[in-house]
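Please view the sequence and the model together, and then consult the points below.

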Amino acid sequence: MTLFGPVNQPGRVDQHDAAPLAALPTDQLEEQVVFGEWRALRGVSARSLERTRALMQALEYDPETAAHRTIGVVGSKGKGTASAYASAALAGLGHRVGTVMSPGVLSNADRIRINGVVLPEQERRRLLLRIAQAQAQLPPATAESGYLAPTGVFLLMGFLAAAQQDCEVLVAEAGIGGASDDLSHWPLDAVVVTSIFAEHLDLLGPTVADVARDKSEVITGSTQLVVSCPQSAEVAEILAQRCAETGAQLVGAEDDAAGLVAHLPAGFQRANAAAGVAAGVAVADGLVADGSVTGGSRNMRSSARHAGPKPVSSSPTAHFLPAEHPLCAICDDTDPAGTNRRTLMPTLAEVVRSVRYPGRLSVHAVPGGGVVPEGGAADGAVIPRGEVAGGVMPGGGVVLGGKTPGGAVPGVRCVVDSAVSGAGLRAALEFASQVMPQEARNPSAGAGEADTEAAELRQVLVCLPPGKDLAGFIAELQPFPGRKVFVELPGAYTGTPERSEWPQAPGWDWLRLDDLGTAGVHEAAGSPQLLEQLQQGDSLAVGTVLFSSLVLRTLGAEAERLFDPPAWSPG
């Protein structure tokens, strides 16, 4: 069965008929609607923002009139973490929030969420068929017209879902870029900028300054607040200039919100999460300030965006910090409706701490890698940070199957992270060295035999496409005494570095996953070859999201719910 639009001539995609599409399984429907033009034309053309605008017109959808507020998230790395924590903060304050992540955690099915929960399959199908009907009204995609970018189609689906689900706020993660990304179609009330570095220079460069300028252009006259993670002096200057031009207020990521995410490991992850929380609380405070929410209950405005800017708090977290926090001295305790906003702090903190984001310094029990003690976590599961059986892991990281009060020890574990730079790998190595237990179970030991195998991180599995910081990875791994394994994903659209780029020396190995088949890495439920490798000892699996999501699926991880909203949260 054809999975994407037939190509009757080179450089042209004929539009699909919506009637036969309705009979397709959801995954094949998604392939046809979302990826069809990209698969047919990506080698001879480029994504077209104009074509996305034409699709919106065919849908009779105007991004300027969205009733909800929108937080845009741009940057080179950490956008998903910022999006997750911005969404959790909004939900923790009682608001109905939609989230569009790019990419998903385990698959494309979990890109779009409402209050942290994956959009039901039937709703995904309805949106895909609605978009297919609109696509049929467009001229055929050609090399000259460009194609609909898959990230843009998913983004549009998320905005349509937010409108359908009466969300008060949508947190939208950019795909690649800013002005060159489909996120630029929407006026953004607040923008989170994670660290910007030399990423996608072939598309957005050639310099980091070019990348920063492209990403900063999502900041427009509609934007009231920009929350930035730490940046280089060059990037910081570009952001400051853009904010000065548009009138947006620029604040630091950790000025107000770091206390709410202090349970996370210091470094990139905590900074990205703090930026998300700061933006989420600021927009929530603006909802209260303009009367859209009263006493924690939803009261959606009927006015469209043209009625004027939507308020965003200038002091993002001051109203939700403990009374002894110095920021509380500069703000009132009550909102215009008379609600004591500081009383919401415990719920906000609880929801923020409940975030479960697999693939971002998450720790998982490896199926078949040893016995998990009674009361420990199931294979592949993930639990909130700091909740460890028998104690709290240093740094409050996500830990599974931790040592129990009775002294039993867990089976083999795997830390999974999506770092793609040398600095990111360094942070992941430091984290993994902390979370591995002081004793490790020997998987080969039989019942009643002594567990004497030394405790340590045994291996690091790496997967990066060409153009990423492979040299930085190799430099960081040089001192590591265990096995260093590059994992090749045959047929991956991202490509694979030359084998010669990986060191040819003892302890440096290369694993080609030949069991993935021809359907594509993103469609594989897992890899027995990869699982067998992970079972050999405590591991760190790190690299591009295409790889980390495969690792998570192989481990049996779950990503249905991103966080736990309060019981009184709407919907």
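Helices (H or I, at least four residues) and strands (E, at least two) are DSSP runs, numbered from the N terminus. The model is a predicted one, in which local features need pLDDT of at least 70 and side-chain atom pairs count only at pLDDT 80 or more, while totals for chains, interfaces and linings use all residues. Residues are numbered from 1 along each chain as its sequence is written, and side-chain values use heavy atoms, with hydrogens and water left out.

- Eight strands form an open sheet with mixed pairing, in the order 5-4-3-7-2-8-9-10; two strands pair if DSSP finds at least two bridges between them.
- Strand 5 (117–118) and strand 10 (249–252) are at the edges, and each has a single partner strand, so one side of each lacks a neighbour in the sheet.
- Strand 10 pairs with strand 9 (residues 225–228) in the parallel sense, over four bridges.
- Within this part of the sheet, Val 226 stands opposite Leu 250 in strand 10.
- Helix 9 (residues 233–246) packs on the sheet and touches strand 8 (190–193), strand 9 and strand 10. The direction of helix 9 makes about 145° with that of strand 10; axes are lines fitted to C-alpha atoms, for helices over the stretch in contact, and angles run from 0 to 180 degrees between N-to-C directions.

**Backbone features in loops**

- Most residues other than glycine have a negative phi, and most peptide bonds are trans.
- The peptide bond from Ser 102 to Pro 103 is cis, with omega near 0°, and Pro 103 lies in the loop between strand 3 (97–100) and strand 4 (112–114).
- Asn 115, in the loop between strand 4 and strand 5, is not a glycine but has a positive phi of about 50°.
- Asp 166, in the loop between helix 6 (150–164) and strand 7 (169–173), is likewise not a glycine and has a positive phi of about 55°.
- Asn 115 is buried at 3% relative accessibility, whereas Asp 166 is partly exposed at 43%; buried means under 20% relative accessible area, exposed over 50%, and partly exposed in between (1.4 Å probe, protein chains only).

- Ala 524 belongs to the loop between strand 17 (508–512) and helix 14 (528–534).
- Ala 524 has a relative accessible area of 10% and is buried.
- Apart from neighbours within four places in sequence, Ala 524 is in contact (heavy atoms within 4.5 Å) with Leu 516, Leu 550 and Arg 553.
- Ala 524 and Arg 553 are 29 residues apart along the chain, and their C-alpha atoms are separated by 8.4 Å.
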